[in-house]
Amino acid sequence: MHLELVKRPEVSRVMMVGSPVLAVGLTVIFAAIVFALQGKDPLAGVYYFFLEPLTSSWSIEQLIVKATPLVIIALGLAVCFLSNNWNIGAEGQLTVGAITGSMLPVLVPEFASPATLPLMVLMGALGGALFAAVPAILKTRFGTNEILTSLMLVYASGLFLDWLVRGPWRDPKGFNFPITIAFNDAAIPSTIPIGPLYLNLSAFVALVLVAVLAVTLGRTLKGFEIRVLGQSPRAGAFAGFSARRMTLFAFMVSGALAGIAGILTVASEIGKLQPVISPGYGFTAIIVAFLGRLNPVGILIAGLVIALSYLGGEAIQTTMQMSSKVATVVQGMLLFFVLACDTLILYRVRLVGRAPKEPARA
Amino acid sequence: MLEAIILTVITAATPLLLAAIGELVVERSGVLNLGVEGMMVMGAVCGFAGTLTFGTPFAGIIAGALAGMAVSLLFGFATLTLVANQVASGLALTLFGLGLAGLIGEGFVGTPGLKLPALFIPGLTDLPVVGRILFGQDVLVYLSFALVAGVSWFLFRTRAGLVLRAVGDNHGSAHALGYSVVKVRYLAVLFGGACAGLGGAYLSIAYTPLWVESMTAGRGWIALALVVFASWRPGRLVVGAYLFGAVTILQLHAQPLGLGVPSQFLSMLPYLATVVVLVLISGNRRATRFNTPACLGTPFVPDR
Amino acid sequence: MKKLLLLAGTALAVALGATAASAQDKTKACFIYVGPIGDFGWSYQHDQGRLAIEAAFGDKVETAYLENVSEGPDAERAIERLARDGCDIIFTTSFGFMDPTIKVAKKYPDVKFEHATGFKTAENVGIYNSRFYEGRYIIGQMAAKVSKAGMAGYIVSFPIPEVVMGINAFMLGAQSVNPDFKVKIVWVNSWFDPGKEADAAKALFDQGADIMVQHTDSTAPLQIAEERGLKGFGQASDMIKFAPNAQMTSIVDDWSAYYVGRVQAVMDGTWKPENKWGGLADKGLMMAPYTNVPEDVAKAAAETEAKIASGEFHPFTGPIFDQDGKERYAAGVVAPDGDLLGMNWYVKGVDDKLPQ
């Protein structure tokens, strides 16, 4: 007996909605089993993991804060992945963007004007883009595989930041601890009340970027070029598109967005530079990009789902004394189920008995 | 001194080599499994648990390999049977593995392990300079080289290896010729899981006989990068793993010399060296493209 | 859709509320850890303190913790979650949690906060730390007495004042026995990578050191010492099980007494923010039994320990010279705590450079 996939004649609209629901349903069941195995009340566990984060305006705000950088980075990664460029170094581009973006408030703290924050974001984008250009250029010039180069540069950038905040950029009044001076108020994004929620400016930046990318990818020639080159570089060449230029373009867009995410996170959440500025956003965003099917709106939803799983994970830790490992396991299961159930959109699954020996029809 | 450095490099390189040789076979079959870290850490905890439960590190080796295979099967089911996205599934596997390993290992924190004994052949191991390097290693070190040789032979000298490469290069044609693409890929993924599990087990029973959460500390990612470094050729994997290991160890040796270079820059060296060397040797682009599995990362559904 | 979820959520919350309500009269003590509690080092020791609270107060307390909390943008949310969950006192156990702690404390004036190893206080934020350097002075003396090579290897994580202070204290201790004692330093740039720590230990032994000192969390360096038949010192917890023939002693962090005391103060309503820098004197810091050393060495170590604990002797008592030979403290002058907490210079005889 084995499972067999039968391609649907067309994309199943029902399953577009149904598959995530099914996935969440399966995760709930398996999560309940895991909670029960830990000797905890499975129902309460399910409530705290999946629903509690949605029950207060505070946790919804936190959800959005957590999703914001993930969505911004994943948007850029989608451009890379769609055009068949394997950028897995977004974490490093985020780090460099945070560093270049912080140059203003750290090195020129007197400069506090309404232009400060936009300039910081611009410099962050520039830094991220230039850093991402390194693997792109190595790929187009020397044929060096970008998976390796982009990943290795993550480690290098992290160590560079470490040196920076312990050495030259250290706050002279910080008792020699590894932190820079605190950003001035002009460098910190403001929060905007929307109904009962107070949302950080970054969240709106993310929304705007989702819209921009959705239009670019779906409605413009550039979007078409990205897809064609991703699916078939040869066809793209016939259409007059250059795969090399696309590699550089995709990497720099993706680096710029990671850089923006980096500087926005640092400015709005930390308010200074320090050795650790990201809990692996650049890597998590890879999951977000694929979970969102490389579609900007899908990425927005996926970012919120992933953020929910982090908040839910914390909720079961604090309220039910389950360890963070349980949360990680459930998170992994959620991802597996969502990814696997996506298959149902394009395929029907059939359980086949032991008899594939029917006369060939094809 | 040189002997001492080489000995240290061997222990640093072996877990990378073990995990990478498995991933190389997986990728040659056209599957990109980014979950090496998750499989390794499962190998580490189960290797440790197996060692303590049965009182011998050899049981740990087997347990580690089996654990790696078990979680790789999850990945296989998602990506091969259900054609889920490989990159995202691999990352999910990493998360899942790190979490599960932490849970399994909760009871082993703070317990000393047993160390895998090194080979000792009177006469040979005592030889000056080369004795301990060649004849004084533990079984996993020899196994890592045997696996490299075996995989090399298998991929390029056997029919089954040819089929595996064909599946990775053009799954459509391989299927048309009557080979079961999915079955071949399942076997490759399982082999990759076993090797990653061995690499993890090496950490917890040979490198540092102890268990602590997330003790793989990112080595699965390095192993992944090394497969790319090697351009999917087993022989070059040895070069990559030992280069990375050697630079890591040399920078540790360089630090106490008081060069005045900040340690962060020295710690960057292994990563940067790998990039630089890859750039230098990837000048031959045709050879690189020739060796890259064309179907890497693309799902396959047999149409019937 | 969202409304519906909210409704369903509230309904469930009400249903579950029954169990939560009974917890009202209990004191709730909460913890944020930077690493996993399974690290058998820093976070593990703090969690032992949490367990000690449970053991001491039984039904009267409730505890909760969040582990593996990154010091970046997640920290504030994690701390605030605990504050919202009804914690009466929250211990944030890593330096990187300093600013988030202060921020959250401002929003929740009724909750008490205690931040480890930082320097910012507030009306409801106290700080605490341990004088690890006291232990490091003792092991410095022991190292100099036991070492035949006259050189120790020292594995360190990151250059922060805490670590620099430790290296200095170790050297001052060693130089009190052997003025020419040498130390070789390797930074692994990680609090936690057993493999890399093992490699660093091997490198240091290969360069001629015969004593291993570590300011990283794993047992790996000591295990290498055990393998090589050499000696070393443990860190954070008693690691004798991992190195029965190599560990001479270990500098054990014990937060239990402090945590139990603070929770008691919350219960009694006497809690006030303090700047508590404990050490050997109040058993926040303990030396594991002196083993694997000649009797006179153990005896001398115990004497030094007693002198430091009683306050008769302070490891940072002048004359102390820095690397450039400049006199930092004149004979008989004791370095003030403020200087120690921000230390970023080496004493004479340390052959290493700090990032400036």
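**Exercise 1.** Determine how many residues of domain 1 of chain C are in contact with domain 2 of chain C.

Solution. Counting two residues as in contact if their C-beta atoms, placed from the backbone, lie within 7 Å, one finds that 10 residues of domain 1 of chain C touch 11 residues of domain 2 of chain C. On the domain 1 side, helix α2 (residues 42-57) of chain C gives the most, with three residues, where helices are DSSP runs (H or I, at least four residues) numbered from the N terminus. The bounds, which come from an automatic or database domain assignment, are 27-130 for domain 1 and 132-251 + 284-341 for domain 2.

The model is predicted: local features need pLDDT of at least 70 and side-chain atom pairs count only at pLDDT 80 or more, whereas totals for chains, interfaces and linings use all residues. Residues are numbered from 1 along each chain as its sequence is written, while chains are lettered from A and ligands numbered from 1 in the order in which they are written.

**Exercise 2.** Describe how the axes of α5 and α6 of chain C are arranged.

Solution. With axes fitted as lines to C-alpha atoms over the stretch in contact, and angles running from 0 to 180 degrees between N-to-C directions, the axes of α5 (residues 132-146) and α6 (residues 161-175) of chain C come within 6 Å and cross at roughly 40°. The two helices are therefore oblique to each other, since angles under 35 degrees count as roughly parallel, over 145 as roughly antiparallel, 65 to 115 as roughly perpendicular and the rest as oblique. Residues making this contact include C:F132 and C:Y133 of α5(C) and C:M165 and C:G166 of α6(C).
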